[in-house]
Amino acid sequence: MSLTLRDAINRLLGRQPASASTAKQRLQLVLAHDRSDLNPELLQQMRREILEVVSRYVELDLDEGDVSLATEDRVTALVANLPIKRARDVVLPASAAGA
Amino acid sequence: MAAETRYILICSGKGGVGKTTLTANLGIALAKQGVRTAVLDADFGLRNLDLLLGLENRIVYTAQEVLAETCRLEQALVKHKQQPNLALLPAGNPRMLEWLTPDDMKAIAAMLGDLFEVVLIDCPAGIEDGFKNAVAAAREAIVITTPEVSAVRDADRVIGLLNTEGISPIQLVLNRVRPKMMANQDMLAVSDVTDILALPLLGLVVEDEQVIVSTNRGEPLTLNGSNSPAAQAYTNVARRLRGDDVPIVDPSQERQGLRAKISRLMNTKIF
C-alpha cells in the first residue's frame, strides 16, 4: 500500500482518495479469478486444505494468513502468505526420513 | 489468395467502446495511404459499419448471397466513393434465416484475399457465436478498450480466447482517454492498462467530441483530413500497422509548465 502526496492532501481535506489505484487493485483481483477459472467454493476448499497440511508442521497465525490468487503478465499464481507462530515437533515417517 | 493479405480482427468484448468507429476510421486511413482495404462487418445481428461509413443506402447483397452464389463478390462489395481503395462487405443481414458458420467466414476471407491487401473484420460484442465466426476469418487482432474496469475486464477475456485460437500478433488500442482525469489519477493510467493486459500499445485515442459529429454525418474523421486529436490518432494507428515508427505520446504526461510540475509532485510516493 503506497501513499502519494495527493492521497495525503485528500485525506487531510476529508476528500475521497483518487480512484485509479482502487480500480487497478480491483481489476487485478477479479482478473486473477477470471483467468484461473476456479470457482470460489473450490478455491475456499483448497485454501482450507492447504492450511490444514501446513498446520501439521508449523503452528500458523490463522488470523493473518491468506491464500489467494495473484496475476501478472497474464500468468496467474496461487500466493500463500502464512505467518508461522512456531514450529511443531514433527516426527518424520521412516520412509520420508530415509529419502 | 494473395499470400501477403493481412486479416485483422477488431474486437473488444464489451460493446460501445469504439470497435466500429476504429474499423471505419482505420479502413479510410489505410485506403488513403494507398492500401487496398476491405472492411468486413461480422456483426450482422446489429450491423453499423455501413452507417459510420455513410454507405447504408448502397448495400444490396451481403457475404451470404456471395456464398449462396446468387451474386458475385464484386456485386456485394460496396466501394467507398471518395476512397475507392476501400470497400465494405456486410457478412449478412439481421433478417437472414441461416446463420453463417466459421467455415463460411473462412471462405469469404479467402475470396477477399484475392482483391485486397488488408481485411479489417469488425467483430460483434460478446464472446459467443458471432465472435467465433469473426475470429475464424482472422490471423491477427486489435483489441480496443477504454480505461474503465468493465471494459478492461472484458478485453482480458477476449485476449484469452484469441490466444487460445492462435491469433498473433494481438495489439491494443486505448480509446476515450481523458488526459486530465489520468493526470489526477482518477482514471487508470496507460501503463496500468498495458501492464494488466500485457499487450503492446498500437494506439491511444483521446476522448474527442468530433467523433460523434463524424458519425452523425457518416464521414469518418480520417476521411477529410481533420486535424482533431482522434483523427490524428486513427491515422497514426494505420501508419503503425503498416510498420511506420510513429511514437505514442501519453497525453496525461504531455502537459508542460507549472501545472505539470505540481501534478508530478502530487503523484510522488511519500509512504
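Author: A helix axis is here a line fitted to C-alpha atoms over the stretch in contact, and angles run from 0 to 180 degrees between N-to-C directions. The model is a predicted one. With that in mind, helix 1 (residues 19–32) of chain B and helix 11 (residues 229–241) of chain B pack at an angle of about 60 degrees, their axes being 9 Å apart.

Reader: Why are helix 1 of chain B and helix 11 of chain B called oblique to each other?

Author: Angles under 35 degrees count as roughly parallel, over 145 as roughly antiparallel and 65 to 115 as roughly perpendicular, with the rest oblique. The angle is about 60 degrees, and helix 1 and helix 11 of chain B are therefore oblique to each other. Their crossing is right-handed.

Reader: Which residues of helix 1 of chain B meet which residues of helix 11 of chain B, and what is their make-up by class?

Author: From helix 1 of chain B come N25(B), L26(B), A29(B) and L30(B), and they meet Y234(B), T235(B), V237(B) and A238(B) of helix 11 of chain B. By class, this contact has 6 nonpolar and 2 polar residues, and no charged residues.

Reader: What makes helix 2 of chain A roughly parallel to helix 7 of chain B?

Author: The axes of helix 2 (residues 20–36) of chain A and helix 7 (residues 149–164) of chain B come within 10 Å and cross at roughly 30 degrees. Since angles under 35 degrees count as roughly parallel, that crossing makes helix 2 of chain A roughly parallel to helix 7 of chain B. The crossing of helix 2 of chain A with helix 7 of chain B is right-handed. Among the residues making the contact are L27(A), V30(A) and D34(A) of helix 2 of chain A, together with V152(B), R153(B) and D156(B) of helix 7 of chain B. By class, the contact of these two helices has 6 nonpolar, 1 polar and 6 charged residues.

Reader: How many residues does each chain bring to the contact, and which element of chain A gives the most?

Author: The contact takes 21 residues from chain A and 22 residues from chain B. Helix 2 of chain A gives the most to the side of chain A that touches chain B, with 11 residues. By class, that side of chain A has 9 nonpolar, 5 polar and 7 charged residues.

Reader: How do you know whether R11(A) is buried or exposed?

Author: R11(A), which is found in helix 1 of chain A, has 12 other C-beta atoms within 10 Å. A residue counts as exposed at 12 or fewer, so R11(A) is exposed.

Reader: Why does R176(B) count as partly exposed?

Author: R176(B), in strand 7 of chain B, has 19 C-beta neighbours inside 10 Å. Being buried takes 20 or more and being exposed takes 12 or fewer, so R176(B) counts as partly exposed. A198(B), with 15 C-beta neighbours inside 10 Å, counts as partly exposed too.

Reader: What kind of peptide bond joins S168(B) and P169(B)?

Author: The bond between S168(B) and P169(B) is cis, with omega about 0 degrees, and P169(B) has its place in the loop between helix 7 and strand 7 of chain B.

Notes. Residues are numbered from 1 along each chain as its sequence is written. Chains are lettered from A and ligands numbered from 1 in the order in which they are written. This is a predicted model: local features need pLDDT of at least 70, side-chain atom pairs count only at pLDDT 80 or more; totals for chains, interfaces and linings use all residues. Helices (H or I, at least four residues) and strands (E, at least two) are DSSP runs, numbered from the N terminus. A crossing is left-handed if the near helix is turned anticlockwise from the far one by less than a right angle, and right-handed if clockwise. Two residues are in contact if their C-beta atoms, placed from the backbone, lie within 7 Å. Ala, Val, Leu, Ile, Met, Phe, Trp, Tyr, Cys and Pro count as nonpolar, Asp, Glu, Lys and Arg as charged, and the others, Gly among them, as polar.
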